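Reader: Before we discuss any details, may I see the sequence and the model together?

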Amino acid sequence: MKTIAKTLTDGLALILVSPALLLYWLGCWTISPQRAFPGWSQAFALIPGWTGVYLRRAFYRRVLRKCEPGCCLSFGSVFSHPTAEIGRDVYVGLFCSIGAVTLEDDVLVSSHVSIINGGAQHGIERLDIPIREQPGTWTRVTVGRDTWIGEHATVMADVGKHCIIGAGSVVTKPIPDYAIAVGNPARVIRFRNQNPGSSQASATGRKDAPNCRSEPSQYTLFSL
């Protein structure tokens, strides 16, 4: 019964967003998807409650490159580009900023998280030209399946599968599968598929890697 009710609600949401979809596709035809998309993303972000969740899902499933069933995209969260990809049962919390990234199945993104396309989108080498006019490097970022991104984190590099990124962390380099990473810049303190008492040194073979037993407990890892 619950599945039937959800299916009917999704169908009603699609009917309600149909005028917006028509206007969006008209904008894509006249001014390009890149310019037409952000305004609609910002508008749908402002619809509160479960009404907003269903309407956003109905809209994004028709306009994003990929948006699977069961995703929950919360109030205030915006996407900057229609090439974003959202996997099945993805949760995005309040007031997030998501670029042209891929969130694989079962990813959890806490509130106030930014996932951007690399940390070098603007050139800074020349002083005779404004930064906004200098070419940079645009990198597509992927967050792997069943990964949890903590509140207020900033992600600008790939994160592997089954990872945990601590609240407030800044990911500047790729994070391997199963890793728990914290800090600014984020560094791996241990791996979820190993004994919690083992050190990172045993996982990587590095003698200078920190031992997770002596790692200070100043980071909140599990904030949604």
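Reader: What is the relative accessibility of Asp 146 in this model?
Author: In this predicted model, Asp 146 is found in the loop between strand S10 (142-143) and strand S11 (148-149). Helices (H or I, at least four residues) and strands (E, at least two) are DSSP runs, numbered from the N terminus. Relative accessible area is classed as buried under 20%, exposed over 50% and partly exposed in between, using a 1.4 Å probe and protein chains only. Asp 146 therefore counts as partly exposed, its relative accessibility being 31%.

Reader: On what basis are residues numbered and values computed, and what is the phi of Asp 146?
Author: Residues are numbered from 1 along each chain as its sequence is written, and side-chain values use heavy atoms, with hydrogens and water left out. As the model is predicted, local features need pLDDT of at least 70 and side-chain atom pairs count only at pLDDT 80 or more, while totals for chains, interfaces and linings use all residues. Asp 146 is not a glycine, yet its phi is positive, at about 60°.

Reader: Where does Phe 95 lie?
Author: Phe 95 also has a positive phi, near 55°, in a residue other than glycine. At 42% relative accessibility, Phe 95 counts as partly exposed. Its position is the loop between strand S5 (91-92) and S6.

Reader: Which peptide bond is cis?
Author: Pro 185 has its place in the loop between strand S15 (179-182) and strand S16 (187-191). With omega near -5°, the cis bond is the one from Asn 184 to Pro 185.

Reader: What share of the residues of the protein counts as buried?
Author: The protein has four helices and 16 strands. Its accessible surface, computed by the Shrake-Rupley method with a 1.4 Å probe (for residues, only the protein chains shown count as cover), comes to about 12,000 Å², of which 57% belongs to carbon and sulfur atoms. Of the 224 residues, the share that counts as buried is 42%.

Reader: Which helices do Arg 57 and Asp 10 lie in?
Author: A salt bridge is a side-chain nitrogen of Lys or Arg within 4 Å of a carboxyl oxygen of Asp or Glu, and the structure holds six of them. One of these joins the side chains of Arg 57 and Asp 10, at 3.3 Å from N to O. The pair ties together parts that are 47 residues apart in sequence, because Arg 57 lies in helix H3 (residues 49-63) and Asp 10 in helix H1 (residues 2-31).

Reader: What is the relative accessible area of Glu 85?
Author: The side chains of Glu 85 and Arg 65 meet in a salt bridge of 3.7 Å, N to O. This pair links distant parts of the chain, 20 residues apart, with Arg 65 in the loop between H3 and strand S1 (66-67) and Glu 85 in strand S4 (residues 85-86). Arg 65 counts as exposed at 52% relative accessibility, whereas Glu 85 is buried at 18%.

Reader: Which elements do the buried residues of H2 pack against?
Author: The buried residues of H2 are Ala 36, Phe 37, Ser 41, Phe 44 and Ala 45. They lie on the same side of H2 because they cover an arc of only 155° around the axis, taken from the directions from the helix axis to the C-beta atoms. These buried residues pack against H1, H3 and strand S3 (78-79).

Reader: Which residues outside its sequence neighbourhood does Val 101 contact?
Author: Val 101 is found in the loop between strand S6 (97-98) and strand S7 (102-103), and it is buried, with a relative accessible area of 0%. Contact means heavy atoms within 4.5 Å. Leaving aside neighbours within four places in sequence, Val 101 touches Thr 83, Ala 84, Glu 85, Ile 115, Asn 117, Arg 140 and Val 141.
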